[in-house]
Amino acid sequence: MLKLSENPPSRLPNRNSIHEIKGEWYVAHTRARLEKSFAHDLLRLGIDYYLPMVPRTTFSGGRKRKGLYPLFPSYVFFAGDEETRIAALRTDRLANVLPVRDTNILIKELSEVEKALSSGLSIDLYRHVAVGTRCRIRSGPLQGVVGIVVDRADLVTFVVEVTLLRQGAAMHVEGELLEPLE
């Protein structure tokens, strides 16, 4: 039996990738700080979901705490049919369910976030869609990932977007790994 204090898996344990998740995709906008609880509900119900999380250190009550936190606060992605959507709404943890107009774009973007998270690089939330050069990473653990360059110093700040949320995952990569897209 899972304790609610434990982190839920990013997706159902029998899934290796979000590409294996079938059905219509939905974006759950949870009430404040209920992403993990909602993911636990979906896990218990056997509903396919994706909750990208990043390690973070916080300070509370004079203590240093390490934990996993949602990359996109207040958002969990799930898939299924209309019955699934209704079951998700019945959890009483949602503020809204956002429609997904183009499932293929969402799956492509989420798979790039998933690949970035599995790379072991430090990933942070990037709250605004970047304006800049779209690039693809040529080699290394993120080979093939497409994003936008938003800053250039010793390392390039590279953002993988989730356009539906108008947010992205920001990471630092070496500039020579990037090739501009035409």
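Figure 1. Of the contacts in the protein with a separation of 6 or more, 66% are between residues 24 or more positions apart (a contact means heavy atoms within 4.5 Å). This is a predicted model, in which local features need pLDDT of at least 70 and side-chain atom pairs count only at pLDDT 80 or more, while totals for chains, interfaces and linings use all residues. Residues are numbered from 1 along each chain as its sequence is written, and side-chain values use heavy atoms, with hydrogens and water left out. There are 3 helices and 12 strands, taken as DSSP runs numbered from the N terminus (helices: H or I, at least four residues; strands: E, at least two). Buried residues come to 43% of the 182 in the protein (buried is under 20% relative accessible area, exposed over 50%, partly exposed in between, with a 1.4 Å probe and protein chains only).

Figure 2. Searching the whole structure turns up 3 aromatic pairs; rings of Phe, Tyr and Trp (its six-membered ring) pair if their centres lie within 6.5 Å, and planes under 30 degrees apart count as stacked, over 60 as edge-to-face and the rest as tilted. Tyrosine 26 sits in strand S1 (residues 24-30) and phenylalanine 78 in strand S5 (residues 75-80), so the pair ties together parts 52 residues apart in sequence. Both residues, tyrosine 26 and phenylalanine 78, are buried.

**Figure 3. Phe38 meets Phe78 edge-to-face.** Here the ring centres of phenylalanine 38 and phenylalanine 78 are 6.0 Å apart and the planes stand at 75 degrees, so this pair is edge-to-face. Phenylalanine 38 belongs to helix H1 (residues 35-45) and phenylalanine 78 to strand S5, so parts 40 residues apart in sequence get tied together. Phenylalanine 38 counts as buried because its relative accessibility is 0%.

**Figure 4. Asp41 and its partner Arg93.** Aspartate 41 is in helix H1 and is buried, at 6% relative accessible area. Its side chain makes a polar contact with the side chain of arginine 93, at 2.4 Å (a pair of N or O atoms within 3.5 Å; within protein, one must be able to donate a hydrogen and the other to accept it, and residues adjacent in sequence count only if both atoms are side-chain atoms). Leaving aside residues up to four places away in sequence, aspartate 41 touches Thr91 and Arg93.
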